[in-house]
Amino acid sequence: MTIAATQPILPNRPRLTGRISDFLWKHPQVLLAVLLGPPVLWLGIIYLGSLFALLLQSFFSIDDFSGLINYEFTLATYKQLLSDANFDIIVRTVLMAATVTLFSALIAFPIAYYAARYARGKWKAVFYLGVMLPLWSSYLVKIYAWKLILAKEGILTWAFTKLNLLWLLDGWLSLPVIGGNSLSVSYTGTFLVFVYVWMPFMILPIQAALERIPANLIEASSDLGGTPQQTFRHVLFPLALPGIVAGSIFTFSLTLGDYIIPQIVGSSRLFIGQAVYAQQGTAGNIPLAAAFTVVPIIIMGLYLWMAKRMGAFDAL
Amino acid sequence: MTAAVLFENVSRHFGTVKAVDAVDLEIAAGEFFAMLGPSGSGKTTCLRLMAGFEQPTGGHIEIFGETAEGVPPYRRSVNTVFQDYALFPHLSILDNVAYGLMVKGIGRQERHRAAEDALAMVKLPGYGQRRPGQLSGGQRQRVALARALVNKPKVLLLDEPLGALDLKLREQMQEELKSLQKSLGITFVFVTHDQGEALSMADRIAVFNDGKIQQLGTPEDIYQRPQTRFVADFVGSSNILSSAICARLGVPAAAASLRPEAIAIGTSWAEQLTLPGTVTARSFLGAVHRVSVDCDGEKIVVSSPAAMPLPDIGAEVQLAFSRNDLHLMEVA
């Protein structure tokens, strides 16, 4: 078989697909437009457009007597948002989100560190499976399973009884605010379920960030006299920070917006998500519901701004 | 006088792989010591044993008379210049250089002043505010050097530090490293696979292969009097003459090494040894021609000055060399 071409340059490809392909090769900007057009339209119109429409609603108000929306720009709804009862909801949700994020990061870091630095081959697969597996099962089922675990007659109470540690559980539940009749109706229970459900979103970005840190930077720090603690503080942590921030954006914003977990596991006191659900549903107060949704957006914006000021993205 | 680094029967095995196998080594204080060998020969593992990144599976290591095995890297007065420099990407150049002083708790002003001085020493004054990503390879290499030297280590370890630089820069850095070592008087241990680099810089060279030291000596020793076929072959490209050819030359030996540049083509004096052969290939290398000659089925490479007349391929030639240039080896 000869592979020598008879001509130095081959003729144009005859079929239509070939001609299109040649045309796109010559005009890469057309290719880019074709590839990016649909997703940009989707993002711009359907996604951002609907979000913007929602935000717009928050500047309208509701007529208390007729229950109809008054389409005039006003800040009345925001005034309502900052009333004591509603502001309590915001503070409660933000505190919960912050606690959940902090503990998720504390638990996720060692797991991610092990996966990034030590796990190889089979153990890496086990790690990914272990982290992802809960994400593949229904969110509702997981939460109801947790309700059963945390209930007064549940497995956790049983385990504490068998270990003669029931006094510890009762002591915890008797604490103000975080306690309650049982774990399943306390903030502690809500917190545990939040941490469980969002954990993969914290582990994966931290693991990705740690994986990108060359091992010889750790050695270099040690070589220059840095103790393991100093190496963590001055090298490992700053370089992992973008991953921790990325993970915390997930856990923080997901907790801010969730309305199912606190409804199933927790007390009757509302979180932002539940407030939105109640305002747009039974209360029919779309403007106030919209105003509530603005809160997480503003908080996340502030959080990112602060993270940037702290240099969280310097190593990107 | 205590040795800067002492290895007694040191081994580092990874499972069944003997990366370093029963190595004895004594590096004198203030010496420029090179560890030369192909990749996988154990030279880098030896360096990592000195730095403390690896612990020996057997044997004893001393650094300036003190036991080093079981001592973590951060408690050794030994600093490393890494092959790919390992600069901290999130810190400025100044903070990179000052890192060792920072973790020792030295105040900001003092450590920054020391870092500025170290940067000036490696000819990068005023680069302190940049980031590692904004520097060229050669500049990063100098920063890595400054970062190690600012700690005034007892021993400086260099892991192929010039490997990533282009030829011109490499030659320049070789000279600078050598003069820096002379003026500072610090023991340098230098790992390289480039025999030219080892020969030109080191006071003594250890040639590694398969986790063992093949030969240890001055550059002249290693180059002129290789003790094994491996050393003769790896350090420069010596010709190895078989016992049959040795016998023909009247020097009974298992094998002998002969440097390409010790051979002349055509001309000979009475006291010289000669070998007839056929030219099989030739190439121009700038200052010299490299000529391959076939002598009874054995290939002998001759490095002939470019000014000398060049024989054609297929020509019958006489190879002439002095008996003194022929180094007998005990093993083939």
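**Figure 1. Domain 1 and domain 2 of chain B meet.** Four residues of domain 1 of chain B are in contact with four residues of domain 2 of chain B. Contact here means that C-beta atoms, placed from the backbone, lie within 7 Å. On the domain 1 side, the touching residues are one nonpolar, two polar and one charged. Nonpolar covers Ala, Val, Leu, Ile, Met, Phe, Trp, Tyr, Cys and Pro; charged covers Asp, Glu, Lys and Arg; the others, Gly among them, are polar. Domain 1 of chain B runs over 5-228 and domain 2 over 237-329. These bounds come from an automatic or database domain assignment. The two centres, taken over C-alpha atoms, are 38 Å apart. This is a predicted model, in which local features need pLDDT of at least 70, side-chain atom pairs count only at pLDDT 80 or more, and totals for chains, interfaces and linings use all residues. Residues are numbered from 1 along each chain as its sequence is written, while chains are lettered from A and ligands numbered from 1 in the order in which they are written.

**Figure 2. Chain B as a whole.** Chain B holds nine helices and 18 strands. Both are DSSP runs, numbered from the N terminus: helices are H or I with at least four residues, strands are E with at least two. The C-alpha trace spans about 75 × 45 × 35 Å along its principal axes. Of the 332 residues in chain B, 41% are buried. A residue is buried if 20 or more other C-beta atoms lie within 10 Å of its own, exposed if 12 or fewer, and partly exposed in between, with C-beta atoms placed from the backbone. Take the contacts in chain B between residues at least 6 apart in sequence: 62% of them join residues at least 24 apart.

**Figure 3. A sheet of four strands in chain B.** The strand order is S2-S1-S4-S5 in this open sheet, and the pairing is antiparallel. Two strands count as paired if DSSP finds at least two bridges between them. Strands S2 (17-27) and S5 (66-67) of chain B are the edge strands, and each pairs on one side only. S1(B) and strand S4 (residues 58-63) of chain B run antiparallel, joined by five bridges. B:Leu6 stands opposite B:Glu62 in S4(B). Helix H1 (residues 43-51) of chain B packs on the sheet and touches S1, S2 and S4 of chain B. The direction of H1 makes about 65 degrees with that of S2(B). Such axes are lines fitted to C-alpha atoms, for helices over the stretch in contact, and angles run from 0 to 180 degrees between N-to-C directions.

**Figure 4. A sheet of three strands in chain B.** This open sheet has the order S11-S12-S18, again with antiparallel pairing. Strand S11 (239-242) and strand S18 (327-329) of chain B stand at the edges with a single partner strand each, so one side of each is left without a neighbour in the sheet. Neighbouring strands of this sheet are turned by 30 degrees against each other on average, direction ignored. Four bridges pair S11(B) with strand S12 (residues 255-258) of chain B in the antiparallel sense. B:Ile240 has B:Ser257 in S12(B) as its bridge partner.

Figure 5. B:Asn9 is not a glycine, yet has a positive phi of about 55 degrees. B:Asn9 lies in strand S1 (residues 5-14) of chain B. B:Asn9 counts as exposed, with 12 C-beta neighbours inside 10 Å. B:Glu160, also not a glycine, has a positive phi of about 40 degrees. B:Glu160 sits in the loop between strand S7 (155-159) and helix H5 (167-184) of chain B. B:Glu160 is buried, with 20 other C-beta atoms within 10 Å.

**Figure 6. The surroundings of B:Phe234.** B:Phe234 belongs to helix H8 (residues 229-234) of chain B. B:Phe234 is buried, with 23 other C-beta atoms within 10 Å. Neighbours within four places in sequence left aside, B:Phe234 is in contact with B:Pro38, B:Gln195 and B:Val207. B:Asn209 is 25 residues from B:Phe234 in sequence and 9.8 Å from B:Phe234 in space, C-alpha to C-alpha.

**Figure 7. Chain A against chain B.** The contact takes 17 residues from chain A and 18 residues from chain B. On the chain A side, helix H10 (215-223) and helix H11 (228-257) each supply at least two residues. H10(A) gives the most, with six residues. The chain A side divides into eight nonpolar, six polar and three charged residues.

Note on methods: Two residues are in contact if their C-beta atoms, placed from the backbone, lie within 7 Å.
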